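Q: Could you take me through this chain? Let us start with its surface.

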Amino acid sequence: MQSFMYTIKAPVGMHARHAGILVKEARQYACAVSVAKDEKTADAKNILGLMGLGIRQGDTVKVTLEGEDEYEAVLKLKAFFWSNF
């Protein structure tokens, strides 16, 4: 299992467009990808779950990856978060 923390810098937080892009990125990997905010956790491959987290600018999220390609995925998803959020 791999994980990393990230503080959202985007002024709009994780709105529908950003969540959709994250879902598309996460679906490229075989491993399970989850995003947690406070005590809520959502599957990063499910847009409704991500939207339900209500992630806003300044919120810190924990991204957890577990599965066969988690080492590759964690590096790419870290870069993805820095570029998009």
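A: The accessible surface of the chain comes to about 4,900 Å², and 52% of that belongs to carbon and sulfur atoms; areas come from the Shrake-Rupley method with a 1.4 Å probe. This is a predicted model, in which local features need pLDDT of at least 70, side-chain atom pairs count only at pLDDT 80 or more, and totals for chains, interfaces and linings use all residues. Residues are numbered from 1 along each chain as its sequence is written, and side-chain values use heavy atoms, with hydrogens and water left out.

Q: What share of the residues counts as buried?
A: Of the 85 residues, 42% are buried, meaning under 20% relative accessible area (1.4 Å probe, protein chains only).

Q: In what order do the elements run?
A: From the N terminus the order is β-α-β-β-α-β-α, with 3 helices and 4 strands in the chain. Both kinds are DSSP runs, helices being H or I of at least four residues and strands E of at least two.

Q: Which strands pair with β4?
A: Strand β1 (residues 2–7) pairs with β4 (residues 60–66) in the antiparallel sense over 6 bridges, and β2 (residues 32–37) pairs with β4, also antiparallel, over 5 bridges. Pairing requires at least two DSSP bridges between the strands. L65 in β4 stands opposite Q2 and opposite V33.

Q: And where does β3 go?
A: Strand β3 (residues 40–43) pairs with β2 in the antiparallel sense over 4 bridges, and K40 in β3 stands opposite K37. The hairpin of β2 and β3 has 2 residues between the strands, and D38 takes a positive phi near 55 degrees there.

Terms used: Buried means under 20% relative accessible area, exposed over 50%, partly exposed in between (1.4 Å probe, protein chains only).
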